[in-house]
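Hi there,

Here is the structure I promised to pass on to you. Please open it and have a look around, then read my notes below.

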Amino acid sequence: MKEWVMPKMEQTVLVLQGGGALGAYQAGASQVLAEGGFDFDWVAGISIGAINAAIICGNPPHQRVGRLRAFWECVSSSLAFTPWLWGSRSRSTFTEFAAAQVMAAGVPGFFTPRSPLAFWPLGATQALSVYDTSPLKETLAEVVDFAYLNDKGPRISVGAVDIETGNFAYFDSSKMRIDVRHIMASGALPPGFPPVEIDGRFYWDGGLVSNTPLQYVMENVGADPVCIFQVDLFNARGDIPENLVDVEQREKDIRFSSRTRLTTDRFRQLHDIHGAATRLAAKLPKALQADPDLAFLCATGPECPVTLAHLIHRKEGFESNSKDYEFSRLSMTEHWAAGMADAKRTITHEAWKSRQIGMDGLQVFDLGAKPSRKRSSALA
């Protein structure tokens, strides 16, 4: 696939949405992108996306896939068996069993359930979460070299929520040194996981405000052309539910898709305003070209040309509302393979290979879905 190697003139950004067990899809997609020659300059993530981002940025390129696989095999190790019967009904039953086991016993290397005594109302203190995430701290220490992440790796940005203010907080390696606390804070989804303290402030999962860091990335790109791969784990588009189980899953998809396309449309409009203001400035007399209102309009939106490629995990037939905490080895490998397939389909698509790199404005591609699936046009 060397004919599709990313030109050096274009910065490559990987944007990773939150989604728990579905995060294996991102690992598969990142593997294909790396093998296709895309060298990540910046990786931004929320929740499980922050964990994947840390593994990518905290390892040399030749070790990233191996470390990602080590993490995902670890968290799926207690559910490495497969159904003894096959078929859609058996697969769905297995999925629900696996999710129930996770709720009861936790996930290896990730989280364990707390003792019921931790919630005893007459105790000195009560636990603030159902699960203890101490195992994740040890796992991250094994799969992420934080010295490499801060000194040599791609730029990394992870989002969390300040519990007291309710405001978004981004931890960015271009502005501070990142450690395990920042990654765990981004994935501290209540009430399952406990808040994380960083310098006297307490944080929860960034997905409470927005499950994608796309807006942060779009607001902080530089002047050079940029190619953004937005890897989503929840699809904003879906069918009308047919039963209560479908209702719960559709609600979760809508909530955690976090208006990715709305953000895309907003920045397309800002690009248009920026272009119109710049053209208008060239037509005005010099005395008006320095007008502060005109300067404000000219500064609207990213200055650089942006290519945005959507890679979206589409619902699999066996998935239910538990899909984001169903950590079976079988589902993990299927999600990983789906990410690989969608990424390969995107970068080998004729529309992608013929795109104009550095073209002014915002180019949006959604090429990952199989042709048989319902989807929007290839180039939005």
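**Cavities and cysteines**

Helix α13 (residues 329–347) contributes the most to the lining of the second largest cavity, giving 3 residues. Before going on, please keep in mind that this is a predicted model.

That second largest cavity has a volume of about 30 Å³. Around it you will find Ala21, Trp72, Ser76, Glu326, Phe327, Ser328, Ser331, Met332 and His335. Sorted by class, this lining holds 4 nonpolar, 4 polar and 1 charged residues.

How many cavities of 30 Å³ or more are there? The count is 2. The largest cavity has a volume of about 60 Å³. Its lining includes Phe110, Thr133, Leu136 and Met184, and Gly187, Ala188, Phe193, Pro194 and Val196 also belong to it. In this lining 7 residues are nonpolar and 2 are polar, with no charged residues. If you wonder how such spaces are found, rolling a probe the size of a water molecule over the atoms shows where empty space is left.

Now for the cysteines. A disulfide is a covalent bond between the sulfur atoms of two cysteines. The count of disulfides here comes to 0. Cysteine 227, for one, is in no disulfide, and the nearest cysteine sulfur, that of cysteine 304, is 11 Å away. Is cysteine 227 buried or exposed? Cysteine 227 is buried, with a relative accessible area of 0%. Cysteine 74, on the other hand, is partly exposed, with a relative accessible area of 28%.

Enjoy exploring!

Best wishes

Note on methods
Residues numbered from 1 in each chain as written. Predicted model: local features only at pLDDT ≥ 70, side-chain atom pairs only at ≥ 80, totals over all residues. Heavy atoms only, no water. 1 Å grid on protein atoms, 1.4 Å probe; cavity = no way out; pocket = protein on both sides within 12 Å on 5 of 7 lines; lining within 4 Å. Points joined across faces, edges and corners; volume = space filled by probe spheres on them. Nonpolar A, V, L, I, M, F, W, Y, C, P; charged D, E, K, R; others polar. Helix = DSSP H or I, 4+ residues; strand = E, 2+ residues; numbered from the N terminus. Disulfide = S-S within 2.5 Å. Buried < 20%, exposed > 50% of the residue type's maximum accessible area, 1.4 Å probe, protein only.
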